[in-house]
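The sequence and the model are shown first.

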Amino acid sequence: MELTPEVLLSGYMQGIFPMAHDDGRIYWYAPDPRAILPLDGLHVSQSLRRVIHRGLFEVRFNTAFEAVIAACAAPAPDREQTWLSAEIQSAYIELHRLGFAHSVEAWAGGELVGGLYGVSIRGFFAGESMFSRRRDASKVALYYLVQRLRARGFRLLDVQFVTPHLLRLGAVEVPRQRYLAHLRQALAVATRFD
């Protein structure tokens with residue numbers, strides 16, 4: 001099945017998302033439990049508050065989507081393989097062109113040093129991946145993502161799988177049925193990321 005924008009959006013609205021395996025094939029996932037980051041539950045440490053307050057990073061939205069997804073797909077010390085195959089990257093770039101995929105970028109001295117991207121549908125945002133080339137850059141991007149989602153009335157920030165990093169930031173796991181109820185409520189909210 002071709003990974004068209006329609007197929008991607010339909011998958012997200014049903015609570016599933018794609019990932020590529022090492023063999024290049026794309027599989028669909030619906031973790032149970034599912035990791036979410038409650039929009040009123042982001043844990044901001046004192047040190048991160050200082051970084052934000054000092055304005056060490058300029059945060060931009062949707063100015064370098066392709067650079068963000070490429071950075072997320074690049075090998076890193078903790079991972080040599082990526083689920084972001086060329087086909088998946090291309091599909092999300094097309095979703096971005098259509099206004100459904102967005103990037104939050106942390107810049108320093110004119111250089112992209114961290115960020116994240118995800119998919120928004122009405123009051124739902126699926127955080128897909130993040131990267132950081134400088135300490136705290138991706139955390140600052142996440143902080144500004146949550147601020148934007150809250151300001152625009154979003155209801156659900158899906159982070160898919162829990163990691164120690166996301167747990168420290170306030171992510172929680174919910175059973176699939178509760179996740180699907182949250183998803184239905186979020187999709188009923190008429191709002192936009194932009």
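The structure is a predicted model. A search of the whole structure gives 8 salt bridges, and the structure holds 9 aromatic pairs. The largest nonpolar core comprises 37 residues.

**Nonpolar cores**

- Within the largest core of 37 residues, the members with the most contacts are Tyr12, Tyr92, Tyr117, Phe124 and Tyr179.
- Two or more residues of this core come from each of helix H1 (5–13), strand E1 (17–20), H3, H4, strand E5 (101–108), strand E6 (111–121), E7 and helix H7 (176–187).
- Helix H3 is the element that gives the most to this core, contributing 6 residues.
- Another core, of 30 residues, lies apart from the largest one. Leu48, Ala137, Leu149 and Phe154 are among its members.

- In general, side chains of opposite charge can pair when their charged atoms come close.
- Arg97 and Glu66 form a salt bridge with an N to O distance of 3.6 Å. This pair links distant parts of the chain, with Arg97 in helix H4 (residues 86–97) and Glu66 in helix H3 (residues 65–73), 31 residues apart.
- Arg97 also meets Glu94 in a salt bridge, at 3.4 Å from N to O. Glu94 and Arg97 both belong to helix H4 and are 3 residues apart, about one turn of the helix.
- Through these contacts Glu66, Glu94 and Arg97 are linked in a network of salt bridges.
- Which member of the network counts as exposed? Arg97 does, because its relative accessibility is 58% and the exposed class begins over 50%.
- Glu66 is partly exposed, with a relative accessible area of 45%, and Glu94 is likewise classed as partly exposed at 31%.
- Glu58 forms a salt bridge with Arg60, and the closest N and O atoms are 3.0 Å apart. Glu58 counts as partly exposed at 44% relative accessibility, and Arg60 counts as partly exposed at 25%.

**Aromatic pairs**

- A pair of aromatic rings is described by the distance of the centres and the angle of the planes.
- Among the 9 aromatic pairs, Phe17 and Phe161 form an edge-to-face pair, with 5.7 Å from centre to centre and 80° between the planes. The pair links distant parts of the chain: Phe17 is in strand E1, and Phe161 is in the loop between strand E8 (156–160) and helix H6 (164–169), 144 residues apart.
- Are the two rings of this pair buried or exposed to some degree? Phe17 is buried, with a relative accessible area of 0%, whereas Phe161 is partly exposed at 36%.
- Phe161 also pairs with Tyr29 in an edge-to-face arrangement, with 6.4 Å from centre to centre and 75° between the planes. Here too, distant parts of the chain are linked, since Tyr29 lies in strand E2 and Phe161 in the loop between E8 and H6, 132 residues apart.
- Tyr29 counts as partly exposed, at 26% relative accessibility.

**Charges over rings**

- The charged end of Arg34 sits over the ring of Tyr179, 4.2 Å from the ring centre. Tyr179 is also one of the residues with the most contacts inside the largest nonpolar core.
- The charged end of Arg148 sits over the ring of Phe193, at 5.1 Å from the ring centre.

**Backbone geometry**

- Most residues other than glycine have a negative phi, and most peptide bonds are trans.
- Asp32 and Pro33 are joined by a cis peptide bond, with omega about 10°. Pro33 is found in the loop between strand E2 (26–29) and strand E3 (34–36).
- Asn62 has a positive phi, near 60°, in a residue other than glycine. Asn62 lies in the loop between strand E4 (58–61) and H3, and is partly exposed with a relative accessible area of 22%.
- Asp136 has a positive phi of about 75° although it is not a glycine. Asp136 is placed in the loop between strand E7 (124–132) and helix H5 (137–151).
- Why is Asp136 classed as buried? Its relative accessible area is 13%, and the buried class covers values under 20%.

Methods: Residues are numbered from 1 along each chain as its sequence is written. This is a predicted model: local features need pLDDT of at least 70, side-chain atom pairs count only at pLDDT 80 or more; totals for chains, interfaces and linings use all residues. Side-chain values use heavy atoms; hydrogens and water are left out. A salt bridge is a side-chain nitrogen of Lys or Arg within 4 Å of a carboxyl oxygen of Asp or Glu. Buried means under 20% relative accessible area, exposed over 50%, partly exposed in between (1.4 Å probe, protein chains only). Helices (H or I, at least four residues) and strands (E, at least two) are DSSP runs, numbered from the N terminus. A nonpolar core is a set of buried Ala, Val, Leu, Ile, Met, Phe, Trp, Tyr and Cys residues joined through side-chain atoms within 4.5 Å. Rings of Phe, Tyr and Trp (its six-membered ring) pair if their centres lie within 6.5 Å; planes under 30 degrees apart count as stacked, over 60 as edge-to-face and the rest as tilted. A charge sits over a ring if NZ of Lys or CZ of Arg is within 6 Å of the ring centre and within 35 degrees of the ring normal.
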